[in-house]
Structures are given as structure tokens and as C-alpha cells.
Amino acid sequence: MDKLVILTGAGMSAESGIKTFRDDDGLWEGHDVMEVASPQGWRKNPELVLDFYNQRRRQLHEVEPNSGHEALSALEDIFNTTVVTQNVDDLHERGGSSNVLHLHGELFKVRSTQHPELVYDWKEDLNIGDTCEKGHQLRPHIVWFGEAVPMLEEAALEVLDADIILIIGSSMQVYPAAGLVGFAQKARKIYYVDPNPSINYELSLIADLKVIDAPATQGVPAVVEDLMRV
Ligand code: APR
């Protein structure tokens, strides 16, 4: 079975109603990114940070996977498939993908501020005073700016081994995730679905790149149909 690695960004979930970061109506509007998504911001005003993620967690209960998420699950029948997502929502899982690696963490998880290995499922609001089993404050299980990306090595190994790569809805501008395609060694084909694609240095080096200039709900089912025919 060929190996397929699917790299997704905020655009994947845009049509489910979750705003992207770098488009005009980006989520960070009204918030300095460093205030709500950095260790410094957390130290300065943890209530603000918790409130920001509580709002996003509440929103995630209201949204559904779109036809792009759903189309991807069929690929598992014919490819050894891994989804590597920069998204912190669970829409890939709810859309039927079973092997999802979350590079930037997960909104429905929290972890101890003192014992990072203590990670818990968390669907409700997180507040000051909510603690881990050892009595330490919990924080969102999200990779903030300036923090290491623990799943990066695993993701790079997946890309290294990929025969086909499918990129969906990412500006490919935020490192280290944007550099992942640079690990491709044997991929014979790369698809890139995005209505406003940005071809970065790594992508420009890849010869057999097919850009599908369309939103995920249109572009992804078309690529899936194409791949099912191969
Ligand atoms: N379908 C597909 N792609 C879309 C759609 C859509 N309906 N709408 C917008 N897009 C594309 C945009 O053209 C853009 O290229 O989604 C991309 C979103 O880019 P970013 O907002 O930069 O999102 P992403 O690449 O996931 O950002 C990476 O940045 O802020 C951090 O940690 C955050 O994970 C995030 C990371």
C-alpha cells in the first residue's frame, strides 16, 4: 500500500465556520497573538488566555466537519494514510480519519503546567483553580509561539516516507510546519488545495506539484476522486 500524508492548515476547517489566521478576517483580530498564544502571555494574564481558548472550545461544540474532512476518510481504504494537521480542532477525527497527528495540540485536551505528561480530555471551560491530579494548574494543550513542537519529528518521518502528499488550506508560512515538505524524499506527487495558494521555497523545488486553486469542500473531493482512480 502506498503511503499518503495529508498536511492540513486552518483553511481545511474554514468552511466549517472556524476562521483562519492570516486571511483578512483572521481570528487573532482584536488580540495581540503574543497575549493569547505565548508563554509570556500566559504568565502575564492567564485569565485572558483561558477565556480565549474557552471561547474557541465552546465554538468547537457548535461546528461540524465539512465535506472536505469527510472525503478524506475514503482514502484510508487504498492508502496507508496519516493526517498531519496544524489545526487544534477535532474535525478530521469527527470526519472519519483515524490516524491524525496534531502538530499544534488539541483544543479538547488540557495538561498540567508542571507535569506536561499529564494530559486530560477536556470539553468544558477551563478556569483558574482547575488542577491536575498533583494539584497544579491546568493549561490548554496547545503549542504556543516560542514553544517546541513535540510531534515534529514524528511528522517529519511520515513525510520522509510518503509516496503522495496532499496539502490542504495552509499558507505554508508558519515554521516549522511549513518546512515539513522539505523532508519529502520519495514522494512522486504533491497536491495543494487552497483558494489562495502560496508556493514557498520547499514547494517550488518539487517538480510534480499540482495546485488546485479551490476551497476545501470543492478541491478535496475532486482530488480524492482522482486518487481513487489511480
Ligand atoms: N479552503 C481551503 N483553504 C482555505 C480556505 C478554504 N475554504 N479558506 C482559506 N484557505 C486558505 C488560505 O488561502 C490560506 O492559505 O487557508 C490558509 C490559511 O492560512 P493560515 O491562516 O496561515 O493557517 P495555517 O497555515 O494553518 O497557519 C499555521 O499558524 O497561527 C498559527 O498555530 C497557528 O496552526 C496555525 C499556524
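Q: How far apart are the end C-alpha atoms of helix α9?
A: Helix α9 covers residues 216–229; helices here are DSSP runs of H or I with at least four residues, strands are runs of E with at least two, and both are numbered from the N terminus. The expected span of a helix is 1.5 Å times one less than its number of residues, so the 14 residues of α9 should span 20 Å. The distance between its end C-alpha atoms agrees with that: 20 Å.

Q: What kind of model is this, and from which number does each chain start?
A: This is a predicted model, in which local features need pLDDT of at least 70 and side-chain atom pairs count only at pLDDT 80 or more, while totals for chains, interfaces and linings use all residues. Residues are numbered along each chain as its sequence is written, starting from 1.

Q: Which residues of α9 are buried?
A: A residue is buried if 20 or more other C-beta atoms lie within 10 Å of its own, exposed if 12 or fewer, and partly exposed in between, with C-beta atoms placed from the backbone. In α9, the face turned away from the buried side carries the exposed E225 and R229. The buried residues are A216, G219, V220 and V223.

Q: How wide is the arc that the buried residues of α7 fall within?
A: Helix α7 (residues 152–160) has the buried residues A155, E158 and V159. Seen down the axis, they line one face of the helix, because their arc (taken from the directions from the helix axis to the C-beta atoms) is 95°.

Q: Is L48 buried or partly exposed?
A: L48 sits in helix α4 (residues 46–62) and touches E35 and V36, not counting residues up to four places away in sequence. Because 14 other C-beta atoms lie within 10 Å, L48 is partly exposed.

Q: How far apart are the centres of domain 1 and domain 2?
A: An automatic or database domain assignment gives the bounds: domain 1 is 1–18 + 65–104 + 148–230, and domain 2 is 24–62 + 107–142. Five residues of domain 1 are in contact with five residues of domain 2. Taken over C-alpha atoms, the centres are separated by 26 Å.

Methods: Contact = placed C-beta atoms within 7 Å.
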